Amino acid sequence: MLLRLPSNRIIRSIGGIFMLVVVYFRLPQLFFLSYAVRRSSHNLIDDINNSTLGFEQIFVVGLPSRTDRRDGIYLQAALSNLSVEFIDGVNGKDIPDKAIPSSYDHERMNDASLGSWRAHMNAIQEVVRRNLTSALILEDDVDWDIRLKRQLHDFALSAHALTQPLKGSPGSYADPTYPNPSAKSPGKIPDIPFDHLPDTEPPTSSPYGDHWDLLWVGNCGFHFPFEDNKVIPKGRVIHSNDETVAQKRYLWALNIPFTLKEKYPQHTRAVHHVQEGVCTLGYAITQRSAQKLLYEVGLKDITQAFDLLMRYFCEGVEGRRYHNCLAVQPSLFHHHRTPGPISAESDMEDHGDGFREKGYTDMVRWSVRLNAGVLLEGGNATEFEDQYPDTNEED
C-alpha cells in the first residue's frame, strides 16, 4: 500500500508553526539587537542639546542669601531649556582650621577664598557621592549666549580634534604633542582650523570626548601653552569668523599678553589645553576627575584661591599631577553685572562704592539675561539685543 505524502497545505502549516516558535524564542535577542542598532546610530554629540548640555548634571554654586542670583539663574535656565541644581555656598569664617588641609605651618587664607574653595569642593564631592558620570559646575553670577548649545557643539568638535585618535589610526593624533610632548616635540605647531578639522574616532563616553579631565568653559582668560612647557600639549583649534564672538575692542583677559586678541583676526575663538587659567566661572568634570580633584585640591595644602588650585591640578605643578584640561577663549560663561550698587557685585571682594544704572554681561553678545523679556514674549533673532554690535571702528 502506497503512503500518501502530506499535502502542500499541511507542509505550509507546519512551516508556519516552526517559524512562530523560532520568533517566539528569539524575540528578546531580536529586540536587543534592534535596540543596539538604534543606540549605535545615535550621534553622541547630539546630547549637547539636552537639558544638561550633554553632562549628567548641572550644579550652580552660590550662597543661599543671594536669592537675587538664584532668581536670575533659574530664569536663565528655564529660558534656555536647562535643568540646574544649586549647591549652597560656604562662609569661610565657618570653616575651622582643622578642616583646612595643611602639611606645614602657614598663614590661614582669607575667609572669602576659603569659602569659595569649600563651596566648589562640596559640588565636586557631590559628583563623587552620587556617582555621576559628569557634571557642569557654574558660579551663580554667570550669564551665557542664547546660542550656547551651538557654541558647545563647536567646542566639542574642537575637543575631538585635540584629544580623539585619528580615524583608523589608534594612538595617532592631529596634535603631534598629544598626549604628552616628547623631548623632540616642537614648541609650536600649526593651528588646526575649525573649518578643516581632522577626521577622528567618534567618542563613546561623552559628547566632548573620551579622555578629558576638565573642560574650563567659564573663565577670565588663559595663555596659550608656553612653547618651553615640557608637559602641556601645544595644539590649538582656531575658529575664525565666529559670529558669537564680539569684536576685539570688547574683549579683555586678566592674562597679559592677551595673544588671542593681539595676534588673531576679529571674531576668533580658540580651544586649547589649559595654561594659567583665571576664574572658575564654569567647568565640567567627570566622575574620575572629580575623585582626582578631591585628592589633589580637597586634601592637599590650601594655600591659594580655588582657581589657582585648579590651575595647579591642570598643569601638574605645586605637588599635583598633570591632568588633561581643555580651555576655550573667549569664555562661554561670563559675569553678569546687575544694575544697582556696585558693592553687591561680589561676596568675595570689595568692588567699591557707586551705582550701576544698566546691567551688562562681559563679552556675551546675545545675553540670555538681557534678552529675557524678548524670550518670554516669544521673540526671535531679529528682536534680540546684541550687547556688542559690530562697528566700523578699529580694534
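**Figure 1. Asn81, the residue with positive phi that follows helix H2**. In this predicted model, the phi of Asn81 is near 55°. The helix that comes before Asn81 is H2, which covers residues 67-79 and holds 13 residues. From its first C-alpha to its last, H2 reaches 18 Å, close to the 18 Å expected at 1.5 Å a residue.

**Figure 2. The buried and exposed residues of helix H2**. Arg69, Arg70, Gly72, Ile73, Gln76 and Ala77 are the buried residues of H2. Seen down the helix axis, these buried residues fall within an arc of 160°, so they line one face of H2. An α-helix has 3.6 residues a turn, so residues three or four places apart point the same way. Asp71 and Ala78 are exposed, on the other side of H2.

**Figure 3. The packing of helices H3 and H6**. Two packed helices are described by the angle between their axes and the distance between the axes. For H3 (residues 111-129) and H6 (residues 287-298), the angle is about 145° and the axes are 8 Å apart. The crossing in which H3 passes H6 is left-handed. On the H3 side, the residues that meet H6 are Trp117, Met121, Ile124, Gln125, Val127 and Val128. Their partners in H6 are Gln287, Ala290, Gln291, Leu293, Leu294, Val297 and Gly298.

Figure 4. Pro179 is placed in the loop between helix H4 (148-163) and strand E5 (192-193). Pro330 belongs to the loop that lies between strand E10 (325-329) and strand E11 (333-337).

**Figure 5. Glu318 and Met363, two loop residues with positive phi**. Glu318 is a residue other than glycine, yet its phi is positive, near 55°. The loop that holds Glu318 runs between helix H7 (306-315) and strand E10. Glu318 has 56% relative accessibility and so counts as exposed, the cut-off for exposed being over 50%. Met363 is not a glycine either, and its phi is about 60°. Its loop lies between strand E14 (360-361) and helix H8 (372-376). Met363 has 8% relative accessibility and therefore counts as buried, the cut-off for buried being under 20%.

**Figure 6. Glu262 in helix H5, shown with Lys248**. H5 covers residues 259-263. Glu262 counts as exposed because its relative accessibility is 52%. Glu262 and Lys248 are separated by 14 residues in sequence, and their C-alpha atoms are 8.6 Å apart in space.

**Figure 7. The whole chain, as a setting for the close-up views.** The chain has 395 residues, of which 49% are buried. Its secondary structure comes to eight helices and 14 strands. Of the contacts with a separation of 6 or more, 78% are between residues 24 or more positions apart. The accessible surface of the chain is about 20300 Å², and carbon and sulfur atoms account for 54% of this surface.

Definitions and conventions:
Residues numbered from 1 in each chain as written. Predicted model: local features only at pLDDT ≥ 70, side-chain atom pairs only at ≥ 80, totals over all residues. Heavy atoms only, no water. Helix = DSSP H or I, 4+ residues; strand = E, 2+ residues; numbered from the N terminus. Expected span 1.5 Å × (residues − 1). Buried < 20%, exposed > 50% of the residue type's maximum accessible area, 1.4 Å probe, protein only. Arc of directions from axis to C-beta. Contact = heavy atoms within 4.5 Å. Areas by Shrake-Rupley, 256 points an atom, 1.4 Å probe, with all protein chains shown as cover. Axes fitted to C-alpha atoms, helices over the stretch in contact; angles between N-to-C directions. Left-handed = near helix turned anticlockwise from the far one by under 90°.
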